[in-house]
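Hello,

Here is the structure we talked about passing on. My notes follow below it.

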Amino acid sequence: MAEEEGPPVELRQRKKPKSSEKEPAKEEEIDDIPIPERAPKYVLFQRFAKIFIGCLAAVTSGMMYALYLSAYHERKFWFSNRQELEREITFQGDSAIYYSYYKDMLKAPSFERGVYELTHNNKTVSLKTINAVQQMSLYPELIASVLYQATGSNEIIEPVYFYIGIVFGLQGIYVTALFVTSWLMSGTWLAGMLTVAWFIINRVDTTRIEYSIPLRENWALPYFACQVAALTGYLKSNLNTYGERFCYLLMSASTYTFMMMWEYSHYLLFLQAISLFLLDIFSLEQSDKVYEVYKIYIFSLFLGYLLQFENPALLVSPLLSLVAALMLAKCLQLNVKKGSFVAKIIKVINFYLVCTLTITLNIIMKMFVPHKENGHMLKFLEVKFGLNMTKNFTMNWLLCQESLQAPSQDFFLRLTQSSLLPFYILVLIICLLSMLQVIFRRINGKSLKETVTLEDGRIGERPEIIYHVIHTILLGSLAMVIEGLKYIWIPYVCMLAAFGVCSPELWMTLFKWLRLRTVHPILLALILSMAVPTIIGLSLWKEFFPRLMTELMELQEFYDPDTVELMTWIKRQAPVAAVFAGSPQLMGAIKLCTGWMVTSLPLYNDDDLLKRNENIYQIYSKRSAEDIYKILTSYKANYLIVEDAICNEVGTMRGCRVKDLLDIANGHMVCEEGDKLTYSKYGRFCHEVKINYSPYVNYFTRVYWNRSYFVYKINTVISFQS
């Protein structure tokens, strides 16, 4: 009997690997580990074709977007038909300062000399030597100037076209990275195409590239998008070793580059670190990967600290304190069995420990590291959230800026009209509820499946989904308070919404909750993941594509003859050593277009510059000629420029005009009930100085004027007239 039983058992063991039957839980393993018998050549070719077409679509989308921006910029400003001075005037505010230093680098006899002059700059702001590279994060301009000269582009293309071309190219990379992120999450490049469509249609809310090309965020955010794409791939559970290494290296490089390009980058990375910390709590399997990302943060912070002239802002940043606290908490964790009651208690203690350690470490660092950077930001936030009240001109002026206020109704209306907001809310709710469902399973001690199939309908178990849900909620919460942060949040709204409607797994999760039985849920999920984005794409094409084409066909013109005349007069008539005083925005344009020294700059990360701006703005207040003269001469100013647009400003928000804010700060206007009103015996200076009567003519002599600007020479010898 024993001899007869042996062969059948052995026969079954041999047949088992060749059996065509397979368990549902192992279906995805066949896709991940190709076996010659299981994956014929046509299957491999199909996968290769899918990847090739997806990559081609991603790169093409980025290139087309960059070309679109270039064409739109040309049409908007009629750029190629303008003289150099008229082109430079299109750079407004702080954008003018950044581009002016790019010009200075190209004029320098050598790169080393140019860097030295920027780090010891005393030719921009009177009576002040600044390290412009550190203070204004001029690394993009340094890189652009090196590339322009090293590649021999100076013989082919003008400097301004090379500069804006790099920025437009980075925007193309930005779009490509968003495409890839949505593709990685959904498994189909159709999601990437929908992401790009929503991004371009909602570009008023996704980017400021149309208005301020040299802004630091336009240089930095493409690298952050690459970092998010690499992080998304790195967090995927079914990633092979080579893919994991590639994602890790790309994430390391893009994190460091992002930190070097933008002075506020570490705040955005701080929000990302919080998202990863919460992911670590909710997803036990990803702890090792998450802590590898923390190591990247620490490396980037310290390398950035060294290469940014020992920038103390990085040492006292909340990012460093949080990562250090997370590392210390990990060392203190006990090796207990996952899912046990003790493990749950330790998770709660760990969360409390990390929060406490982060605050403590940050306070200690600020005690021992001298720093002044971004102190005004804390004061602004206190006033913004009603924790403090102030009559300070600078704080109230910042609060009146549109980008620092809460989003308007038009913002939500635009997103709804493009169908982005409704689908984003739908996708976010499904992913969030699925994630909470997974968390409750963990709390109840239920074990999770090692591999989640489409039929399971558990999209909330994927770590990359958990990360993106948490991250978009954090960014969205801040964007609801400060509208300017929408430029960081909305691109990922486009990506998340596109991923959701193109993901069969998301639809399957919804059908599992609805207990759909009339139609096969997997088949319906696959159909909807193709049909819904197709319908959305066709509707967007029909409604918005004609508008985009119309914008490219319309030839606009940037016409500002008064500013051109002013800059021309300064270059021809003013002495080379002259110092000009006026509004910070105009001073940025003067620095770029003429190269003359100014008293202030449109920068808000330095307390001394903020104080200068407030003092110079007093020319629009009710102060005496003698007071204004003393202020201007204290900064060695030789010429004063009064702008009619500010002096006669008629705004919809009466309390936000410059002259109103100055009157509030000086006590010449009642701001709140109970305030004491200080009557001024002087008229508004910008009005009185135009009349040319004593004592104003004793201190100031008008030397030039047009419809918009009045230029006064500040007298060095005062001859009082009766």
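Strands here are DSSP E runs of at least two residues, helices are H or I runs of at least four, and both are numbered from the N terminus.

A word on the source: this is a predicted model, where local features need pLDDT of at least 70, side-chain atom pairs count only at pLDDT 80 or more, and totals for chains, interfaces and linings use all residues. Residues are numbered from 1 along each chain as its sequence is written, and side-chain values use heavy atoms, with hydrogens and water left out.

**Around β5**
- β4 (residues 700-705) and β5 run antiparallel, joined by 5 bridges. Pairing takes at least two DSSP bridges between two strands.
- A hairpin of 3 residues links β4 to β5.
- β3 (residues 639-643) is also antiparallel to β5, again with 5 bridges. Glu643 sits opposite Tyr709 there.
- β5 (residues 709-714) has 5 of its 6 residues buried, so the rest of the structure largely encloses it. Buried means under 20% relative accessible area, exposed over 50%, partly exposed in between (1.4 Å probe, protein chains only).

**Two serines**
- Ser317 lies in the loop between α16 (312-315) and α17 (318-332). Its relative accessible area is 1%, so Ser317 is buried. Its side chain reaches the backbone oxygen of Leu314 at 2.8 Å.
- Ser539 is in helix α26 (residues 521-553). Its relative accessibility is 37%, so Ser539 counts as partly exposed. Its side chain reaches the backbone oxygen of Ile536 at 2.7 Å.

Best wishes

Technical notes
A polar contact is a pair of N or O atoms within 3.5 Å; within protein, one must be able to donate a hydrogen and the other to accept it, and residues adjacent in sequence count only if both atoms are side-chain atoms.
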